[in-house]
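Subject: Structure handover and notes

Dear colleague,

I am passing on to you the structure that I have been going through.

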Amino acid sequence: MLSTQPEITIIGGGVVGLSVAMGLLSAGHRVHVLDGTDGDARASQGNFGLVWGQGKGWNFEPYARWTSDSLAAWPEFARTLTDLSGIDVALDQSGGFEFFTDADEMDEFAGMLAQQQGHLGNRFSHEILSGDEMRKHMPGIGPDVVGGSFSQLDGHVNPLRFLRALRRAVKTLGGRVTMNATVQAVRPVSGGGFDLKLATGNKTSAEKVVLCAGLGSAKLTADLGFTTAIRPQRGELLITEKLGVRLPFLSSTIRQVDEGGVQIGGTKADVGMDDRETLDVMASLASHAVAVYPALADVRVVRAWGALRVMSPDGYPVYAQSHHHPGAYLVTCHSGVTLAALHASVLADWINGTSTAPNLEAFDESRFTVSTAA
Ligand SMILES: Cc1cc2nc3c(=O)[nH]c(=O)nc-3n(C[C@H](O)[C@H](O)[C@H](O)COP(=O)(O)OP(=O)(O)OC[C@H]3O[C@@H](n4cnc5c(N)ncnc54)[C@H](O)[C@@H]3O)c2cc1C
């Protein structure tokens, strides 16, 4: 039976919940993370590990700025994680490419980056390169590549090690993480606080609750007075055998994990909760990789999987406080790896309502109501 009454309970122990827990613990709170079961959809166990800015927020300035702040905070965050967990998450933030084999798609993306640059000024930098320029700097890029973009700020981590490091860091900071603790219902208590009923039949209570349960949040939003409709979006990935040589680039669709395997991905499909991989998508991922870097044709694919992204209606993060039930917060986003450096730091100020808190009004869920009515 769970007996303590932690000051803040976080529902969900993926990268979002654990990052938020880290920030709250560092700010002096007592924190208890309740995580679900292995059968849950877990984006944190199936992602691409990018710490990525290109294209993010090109048509939504607050997101461009928020992402840019997180990219800047990542090096310090990675050091803190290593200190607290003893795990090196293999952050490599030495710049990333987007490759194109279609000139129209490339022009469209270049336009998006120009808008993003307009939002961010000197906090962002990018270059647009022709296919020949790319091949000159990186021999081995295929003849079908018509060009692409490069941003010095982009990078990646080892995603599974990152998740493990977060879990350990939370424990080192004194947080409690309880696995197999699916929250079935949350009941606001009159006078403040919340009672939580677990699927095991156990009950616990909390003064504040932060809902970070990824796709599992959808079942609990109404209990806490939130209205955001969270939806899944499937991404499929391939992973190759480990290579002895390093790829000369990192891209948002092809990256070499620090352990040597090449991860290939970037697909998007709205197929509900179906997280299976499919043969046609696997084939198109492989041919994209070979078009970009033909030497990959000789490399064996050893694994493939599908995983479900956690998407809000417009794809941007939601940081919301419940108007009906003060003390309840909803934190959900795609790009939870990229944004983790802020979730583990300044987001605690926002939850605490301190004067130094970032202004996150643009990310409130009221934007969905406004846009529907407009
Ligand atoms: C294919 C793919 C590629 C991606 N690539 C990148 C990338 O390169 N860079 C990047 O920044 N982001 C990437 N993402 C997104 C990133 O993985 C997610 O933003 C992040 O993992 C979301 O974390 P989360 O904690 O919100 O959700 P999850 O990882 O889904 O975790 C939610 C947790 O809540 C638990 N839970 C659910 N319901 C309950 C309940 N009722 N009670 C208690 N616990 C509950 C679950 O067990 C789970 O552990 C990718 C995602 C996918 C699918």
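The notes below go from the domains to the ligand, and then to the sheet and a pair of helices.

Please keep in mind that this is a predicted model, in which local features need pLDDT of at least 70 and side-chain atom pairs count only at pLDDT 80 or more, whereas totals for chains, interfaces and linings use all residues. Residue numbers start from 1 along each chain, as its sequence is written.

The protein chain is divided into domain 1 (8-50 + 160-229 + 314-373) and domain 2 (94-154 + 231-311), with bounds that come from an automatic or database domain assignment. Their centres, taken over C-alpha atoms, are separated by 30 Å. The contact between them takes 12 residues from domain 1 and 14 residues from domain 2, where two residues are in contact if their C-beta atoms, placed from the backbone, lie within 7 Å.

Around the ligand there are 42 residues, of which Gly14, Gly36, Gly214, Gly216 and Gly235 come nearest; a residue counts as near if its C-beta atom, placed from the backbone, lies within 6 Å. Helices (H or I, at least four residues) and strands (E, at least two) are DSSP runs, numbered from the N terminus.

Strand 13 (residues 231-242) and strand 15 (residues 261-264) are joined over 3 bridges in the antiparallel sense, and leucine 238 has isoleucine 264 in strand 15 as its bridge partner.

Elsewhere, helix 2 (residues 61-85) and helix 3 (residues 103-120) pack at an angle of about 75°, with their axes 9 Å apart; axes are lines fitted to C-alpha atoms, for helices over the stretch in contact, and angles run from 0 to 180 degrees between N-to-C directions. Helix 2 is therefore roughly perpendicular to helix 3, a term that covers 65 to 115 degrees. In this contact Glu61, Ala64, Arg65 and Ser68 of helix 2 meet Gln116, His119 and Leu120 of helix 3.

How values were computed: Angles under 35 degrees count as roughly parallel, over 145 as roughly antiparallel, 65 to 115 as roughly perpendicular and the rest as oblique. Two strands pair if DSSP finds at least two bridges between them.
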